[in-house]
Amino acid sequence: MSLENLIMELLVRAGSARSHALCALQNARSGDFIAADLAMAAAKESVNEAHHIQTELIGMDEGCGKVPVTLITVHAQDHLMNAMLIQDLATDFITLYRRLPQEVSHA
């Protein structure tokens, strides 16, 4: 796969992870914890796929600046880091939603 395709794939996978984590939060907020768990599993899978691409890019670079740092590369990395942060926060929020009485968590 070309460098550009790898970077675009990283961007897509990270964006997917972010979307799944936010969907999980919405599901948990409405009390649908089964859907929330499924969405979080999808988020984790997308983050793992993105992380594998990131690792491949790091390997290609070999710490020597072999991979050019472009705006799209930085953008893709930013998406991945945000997706990982949202995933971590979503996990905590879902745990908190589970502790709320059902009638309160539906609000």
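In which helix does L96 lie? L96 lies in helix α3, and the model that places it there is predicted, with local features requiring pLDDT of at least 70, side-chain atom pairs counted only at pLDDT 80 or more, and totals for chains, interfaces and linings using all residues. Residues are numbered from 1 along each chain as its sequence is written, and side-chain values use heavy atoms, with hydrogens and water left out.

Confidence is expressed as pLDDT, the predictor's confidence in each residue, from 0 to 100. The chain has a mean pLDDT of 92, and 95% of its residues reach 70 or more. Within the chain, confidence is highest in α1, at 96, and lowest in helix α4 (residues 102–105), where the mean is 60. Helices are DSSP runs (H or I, at least four residues), numbered from the N terminus.

Helix α1 spans residues 3–29, and helix α2 spans residues 33–61. The axes of α1 and α2 come within 8 Å and cross at roughly 160°. That angle makes α1 roughly antiparallel to α2, a term used for angles over 145 degrees. Axes here are lines fitted to C-alpha atoms, for helices over the stretch in contact, and angles run from 0 to 180 degrees between N-to-C directions. The crossing of α1 and α2 is left-handed, that is, the near helix is turned anticlockwise from the far one by less than a right angle.

N27 lies in helix α1. At 17% relative accessibility, N27 counts as buried (buried means under 20% relative accessible area, exposed over 50%, and partly exposed in between, with a 1.4 Å probe and protein chains only). Leaving aside neighbours within four places in sequence, N27 is in contact (heavy atoms within 4.5 Å) with D32, A35, A36 and A39.

Helix α2 also packs with α3, at an angle of about 155° and with the axes 10 Å apart. The two helices, α2 and α3, are therefore roughly antiparallel to each other. α2 passes α3 in a left-handed crossing. On the α2 side the contact is made by F33, A36, D37, M40, A43, K44, V47, A50 and Q54. The α3 side contributes Q77, L80, A83, M84, Q87, A90, T91, I94, Y97 and R98.

Helix α3 covers residues 71–99 and holds the annotated positions H75 and D78. For H75, UniProt lists "active site" in an unreviewed entry, and the annotation "modified residue: Phosphohistidine" (unreviewed entry) also covers H75. The UniProt annotation "binding site" (unreviewed entry) covers D78. UniProt positions are given in the numbering used here, feature names are shortened, and annotations may be inferred rather than shown by experiment. H75 counts as partly exposed, at 35% relative accessibility. D78, at 42% relative accessibility, also counts as partly exposed.

L96, in helix α3 as well, is partly exposed, with a relative accessible area of 46%. The C-alpha atoms of L96 and N48 are separated by 25 Å, and the two residues are 48 residues apart along the chain.

Terms used: Angles under 35 degrees count as roughly parallel, over 145 as roughly antiparallel, 65 to 115 as roughly perpendicular and the rest as oblique.
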